[in-house]
Amino acid sequence: MLSDIIDVLADPIDGTPLSGADDFSRLVSESGHSYDVAKQGYITLAGGAGLRYTGDDTAMVNSREVFLSRGHFAPFVEAVSMAVNDVLEDAGVPDNAHPVICEIGAGTGYYLAHTLDDVHGARGVGIDVSVAAAKHLAKCHPKVGAVVADAWARLPLRDESVDAITVIFAPRNPAEFARVLKPGGEVIVLTADAGHLAELREPLGIIDVEEGKVKRMIAQAEGHLVPVGESWPVEFEMNLDQDSITTQIGMSPSARHIDPADLKERILALPPSMKVTARAMITRLAKV
Ligand SMILES: C[S@@+](CC[C@H](N)C(=O)[O-])C[C@H]1O[C@@H](n2cnc3c(N)ncnc32)[C@H](O)[C@@H]1O
């Protein structure tokens, strides 16, 4: 709930602290700006110009919810949660500290909810620019506060307020991440790697992940964040039937690039069930 993370939230316009008003139906900043909490429990925290992006639409979010609920990406979730635990341990965060984990581009909150179940006493801030995603995020876990905000803009978070940031197949803003991380805090990034969904690429006509993605991500963070050790791969095989393949493609950008009738035809031409590789890299980044 938003009340669990109110000590972390800041006015998106001027960065002053936010607090709850009228039984948390609004958040107000020290400078007097007021933001209404939506009846579904999330809050939109955008600066004066509003949001420049809309993020994933309802159909993509629904596909994501179905695909992830089947557990196909469970090894990714476990790897991210383990990395968060390692980061907190390395930073010496005590067990009773109620650490704050913020996921950027959190989607339905599947990863954040699992991480919170895994990290004793943790609280979560789920940020996504998609309203459709925020509706899921707001109910994904009792300790998650759901915020609609743009990852490319000033984050509506106070300076040095977050213990760990997770970014799973989502946008990164290294300068802002460095600003909001507590000393010793880190960013954990999961990036798709070449070979991810390899068996589906040719038959469905979807483009492969480009080589050197992690290197470029590290270069873009220069001056704000530095890698902690080497990135490491998480690779496993999934058994996907045609319905799961449909939801996997439906939750990805490919959903926007392929004509739905063509896609349906190509999926129907696949075997009823097939082995598909999932492959991503995990990178830990600390403040410079
Ligand atoms: C590929 S999805 C990943 C969602 C989630 N991390 C997961 O793996 O289930 C990318 C997410 O980033 C969100 N997103 C895209 N652009 C964004 C932005 N500028 N600010 C915040 N979120 C954004 C999308 O709405 C979407 O939910």
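The legends below describe close-up views of a predicted model. In this predicted model, local features need pLDDT of at least 70 and side-chain atom pairs count only at pLDDT 80 or more, whereas totals for chains, interfaces and linings use all residues. Residues are numbered from 1 along each chain as its sequence is written, and side-chain values use heavy atoms, with hydrogens and water left out.

**View 1**
Histidine 33 sits in the loop that joins strand E2 (26-29) to strand E3 (34-36), where helices (H or I, at least four residues) and strands (E, at least two) are DSSP runs numbered from the N terminus. Because its relative accessibility is 28%, histidine 33 counts as partly exposed, on a scale where buried means under 20% relative accessible area, exposed over 50% and partly exposed in between (1.4 Å probe, protein chains only). Leaving aside neighbours within four places in sequence, histidine 33 is in contact (heavy atoms within 4.5 Å) with Asp11, Ile13, Asp14, Leu27 and Val28.

**View 2. The largest nonpolar core.**
A nonpolar core is a set of buried Ala, Val, Leu, Ile, Met, Phe, Trp, Tyr and Cys residues joined through side-chain atoms within 4.5 Å. The largest one has 50 residues, and those with the most contacts inside it are Phe73, Phe76, Met238 and Ile245. Helix H2 (residues 74-90) gives the most to this core, contributing eight residues. Apart from it lies another core, of 37 residues, among them Ile5, Val147, Val162 and Leu181.

**View 3. Aromatic pairs around phenylalanine 76.**
Rings of Phe, Tyr and Trp (its six-membered ring) pair if their centres lie within 6.5 Å, and planes under 30 degrees apart count as stacked, over 60 as edge-to-face and the rest as tilted. Six aromatic pairs are found in a search of the whole structure. The ring centres of phenylalanine 73 and phenylalanine 76 are 4.9 Å apart with the planes at 65 degrees, so this pair is edge-to-face, and both residues are buried. Phenylalanine 76 also forms an edge-to-face pair with phenylalanine 169, at 5.8 Å centre to centre and 75 degrees between the planes. Because phenylalanine 76 lies in helix H2 and phenylalanine 169 in the loop between strand E8 (162-168) and helix H5 (174-180), the pair ties together parts that are 93 residues apart in sequence.
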